Every structure is written in C-alpha cells, then in structure tokens.
Amino acid sequence: MPVHEDEKMGRYWDARAREDALYFVDSRAGRATADEDGFWRRGEEDLDRMLGLLGAAIEPSDRVVEIGCGVGRITRVLAARAAYVQALDVSAQMLREARARNPELENVEWLHGDGFGLAPIADASATVCFSVVVFQHIPDALVTLGYIRETGRILRPGGWAALHVSNDPGVHRLANGGGGDPESHPAWLGSAVDLEAVRDAATEAGMSLDRVVGAGTQWCGLRLSRAAK
C-alpha cells in the first residue's frame, strides 16, 4: 500500500529521534553533544525570545497547546508557567523520548498528531497555542496554512497564538544535488509560507494577525488572536 505524506513525516522524525533526538530538535550544538543542560536551557531562552518579540506572556491560568513538541524542550518550560499543556507531535518516537525525559510533568498531556491538524484537541479549549522551529520543516506550505486554520478552531475567544514560520523560499532549496543524508530530505528542508496566505487563513479561522517579526526571513514570528466575546 502507498505511504501517505503524514506517515512519511512520522517515519522520518521517528528515525531522527532514534538517531540523535537532541540534535534533530536543536542542531545548534552539533551531534552527540554532551551538553544536555545547554539543550534544555536554550529551550527556555528560545521561548522567552519569541514571546518577547511578539509582546506575549504565559500566565499561570493558561491552557497551552504546543505544536511539534519533539522531546519536550519547550514543553518543560511551558509546563512550569501554565496550568496545563497539550503537547503534540507527529513522531511517536519523539513522544516516547519526551515522556522518558520529562516524567515529572504531571500537567502535560502528550499527543500523537496526524501531521495535518490538531484533531485530538477540542474546539475552543486552549487559551494559547505555541510553535517554534516546526512549520519550517513541513514540505507543503498548504499544510502549514491548515495548522493555522486549526489554531483558530482550538483557541478560546480572547486566546492567542505565537507561531514561527519561514518566509524565505531560498533556504528550503536543495543545494548541490542533495544526497541521501537526512538533512536533504523534504521533511527537513521544509517550505516557506506567504504572509498574505497566512493572513487569509487566519481570517477564515476567525483570528486576526496582530504582529509579524522577521518578515521575509526563515525566522518569522507571528502573533495571532481570536477576539473576545
């Protein structure tokens, strides 16, 4: 039977989790790094940097959905600040790693996603949705736009989202003919999204695009919100 695109993504990230989970979640420190403390510390730094740029903060009463949790690098920090976190990932192996590395997180629900949306999460159940260094790896920009529409579905009135996307198509092109290495795979190279398409998807989902930082780059941050009733 043919393998669907969501299954391909899951298999790719399962393999990366078995190969070197920390590197493929955060490649800045290199492979097989012994600096695991630095890995977790950079998770908090990355969260604070993105929230600061977007003028947002996690409150103790928040119910947060994290898209693309990996091994829980950001989840760990979200759980310390929020009331409850639903952490979603397309890779079952990454989720196994996350549970094993974060056994103390009693206010986190680890969820296996389908690679297309947020189906396990109820309508209007979250006050915050967060994602960083995830959408830039999705090969089809239409899938990323689908996640943005899904974000509108799960947010409560008055809720907000901080999402990282890429706006630079050039960084997603395969150089020098590629090869068989994991970092030449479409699930690593990913895709860029058009900001007008993002705005349209947000509007369709009942949200407004309130702030954009880093437009035209690989590191574009979006703050979206659903109006309070």
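Start at H185: a polar atom of its side chain lies 2.9 Å from the backbone nitrogen of A187. H185 sits in the loop between β5 (155–165) and α6 (186–189). Helices here are DSSP runs of H or I, at least four residues, and strands are runs of E, at least two, numbered from the N terminus.

A word on the source. This is a predicted model: local features need pLDDT of at least 70, side-chain atom pairs count only at pLDDT 80 or more, and totals for chains, interfaces and linings use all residues. Residues are numbered from 1 along each chain as its sequence is written, and side-chain values use heavy atoms, with hydrogens and water left out.

Back to H185. The cut-offs are under 20% for buried, over 50% for exposed, and partly exposed in between, with a 1.4 Å probe and protein chains only. In sequence, H185 and Y12 are 173 residues apart; in space, C-alpha to C-alpha, they are 8.6 Å apart.

Next, a second polar contact. R42 lies in helix α2 (36–54). Its side chain makes a polar contact with the side chain of D26, at 2.8 Å. R42 counts as buried because its relative accessible area is 12%.

Now helix α7, residues 195–204. Its buried residues are V198, A201 and A202. How do they sit around the axis of α7? They fall within an arc of 100 degrees, so they line one face of the helix. The arc is taken over the directions from the helix axis to the C-beta atoms. On the other side of α7, T203 and E204 are exposed. In general, an α-helix has 3.6 residues a turn, so residues three or four places apart point the same way.

On to pockets. The grid is 1 Å, over the protein atoms alone; a pocket is an open set of points where a 1.4 Å probe fits, with protein on both sides within 12 Å along at least five of seven lines, and lining residues have an atom within 4 Å of a point. The largest pocket has a volume of about 610 Å³. Its lining has 32 residues, and M9, W13, V90, V134 and H137 lie nearest its centre. α1 (5–25) gives the most, with 7 residues.

The second largest pocket has a volume of about 470 Å³. Of its 22 lining residues, D46, V132, V133, H164 and W219 are the closest to its centre. Here the largest share, 4 residues, comes from α2.

Last, cysteines. How many disulfides does a search of the whole structure find? It finds 0, with a disulfide taken as a pair of cysteine sulfur atoms within 2.5 Å.

Technical notes
Polar contact = N/O pair within 3.5 Å; in protein donor to acceptor, adjacent residues only side chain to side chain. Points joined across faces, edges and corners; volume = space filled by probe spheres on them.
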